[in-house]
Amino acid sequence: RAGRVLRAIVTVELKEHGEQQMRRFLDLAAAEDAVTQAFAVTGAVDVVLVMRLADMEEFDVLCERLFRDRTNVARFFTLVVIRTAKDETAIPLEAPG
């Protein structure tokens, strides 16, 4: 994404864990242009978001919309990418072996 040089990976823990609450948050996140990937996951967190941002100011504004007030978020943790070793979206069409 041109002009979006900052990449962030954000893990999200929700307060309430029902299907309706999960769907509501995923829909909210998916509506954001800066969110390029949104996953409901198993394990210690509920959601993983991958974001492409212009700068930290855009991230701050996005945080206000996604993680504050009535969005059902208990906490979130942000990992800012400092170097990319591999970034592929293609997968092999043949089965291994």
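This is a predicted model: local features need pLDDT of at least 70, side-chain atom pairs count only at pLDDT 80 or more; totals for chains, interfaces and linings use all residues.
Residues are numbered from 1 along each chain as its sequence is written, and side-chain values use heavy atoms, with hydrogens and water left out.

The secondary structure of the protein chain consists of two helices and four strands. Helices (H or I, at least four residues) and strands (E, at least two) are DSSP runs, numbered from the N terminus. From that terminus on, the order of the elements is β-α-β-β-α-β. Along the principal axes, the C-alpha atoms fill a box of roughly 45 × 35 × 20 Å. Of the 97 residues in the chain, 34% are buried; buried means under 20% relative accessible area, exposed over 50%, and partly exposed in between, with a 1.4 Å probe and protein chains only. Contact is defined as heavy atoms within 4.5 Å. Among contacts with a separation of 6 or more, 67% are between residues 24 or more positions apart.

The largest nonpolar core contains 21 residues, and those with the most contacts inside it are Val-12, Phe-25, Leu-49, Met-51 and Phe-67. At least two residues of this core come from each of β1, α1 (19-30), β3 and α2 (56-67). A nonpolar core is a set of buried Ala, Val, Leu, Ile, Met, Phe, Trp, Tyr and Cys residues joined through side-chain atoms within 4.5 Å. Beyond residues up to four places away in sequence, Met-51 touches Leu-6, Arg-7, Ala-8, Val-10, Ala-34, Val-35, Thr-36, Phe-59, Leu-62, Leu-66 and Phe-67.

Thr-11 lies in strand β1 and counts as buried because its relative accessibility is 16%. Its C-alpha atom is separated by 4.6 Å from that of Val-48, 37 residues apart along the chain. With neighbours within four places in sequence left aside, Thr-11 is in contact with Val-45, Val-47, Val-48, Arg-75, Phe-76 and Phe-77.

The largest pocket has a volume of about 190 Å³. On a 1 Å grid over the protein atoms alone, a pocket is an open set of points where a 1.4 Å probe fits, with protein on both sides within 12 Å along at least five of seven lines; lining residues have an atom within 4 Å of a point. Grid points are joined across faces, edges and corners, and the volume is the space filled by probe spheres set on the points. The lining consists of Arg-7, Ile-9, Thr-36, Gln-37, Val-50, Arg-52, Asp-87, Glu-88 and Thr-89. Strands β1 (6-14), β2 (35-40) and β3 (47-53) each supply at least two of the lining residues. By class, two lining residues are nonpolar, three polar and four charged; Ala, Val, Leu, Ile, Met, Phe, Trp, Tyr, Cys and Pro count as nonpolar, Asp, Glu, Lys and Arg as charged, and the others, Gly among them, as polar.

Two charged residues of this lining, Arg-7 and Asp-87, are joined through their side chains by a polar contact of 2.9 Å. A polar contact is a pair of N or O atoms within 3.5 Å; within protein, one must be able to donate a hydrogen and the other to accept it, and residues adjacent in sequence count only if both atoms are side-chain atoms. Arg-7 is found in strand β1 and is buried, with a relative accessible area of 16%. Apart from neighbours within four places in sequence, Arg-7 is in contact with Met-51, Arg-52, Leu-79, Val-80, Val-81, Thr-84 and Asp-87. Asp-87 is placed in the segment after β4 (73-80) and is partly exposed, because its relative accessible area is 46%. Residues up to four places away not counted, Asp-87 touches Arg-7 and Arg-52. Thr-36, also in the lining, is in strand β2 and is partly exposed at a relative accessible area of 34%.

Arg-4 is placed in the segment before β1. Its side chain reaches the backbone oxygen of Arg-52 at 3.0 Å, and a polar contact of 2.6 Å joins the side chains of Arg-4 and Glu-58.

Asn-72 is placed in the loop between α2 and β4 and is buried, with a relative accessible area of 13%. Most residues other than glycine have a negative phi. The phi of Asn-72 is near 70°, a positive value.
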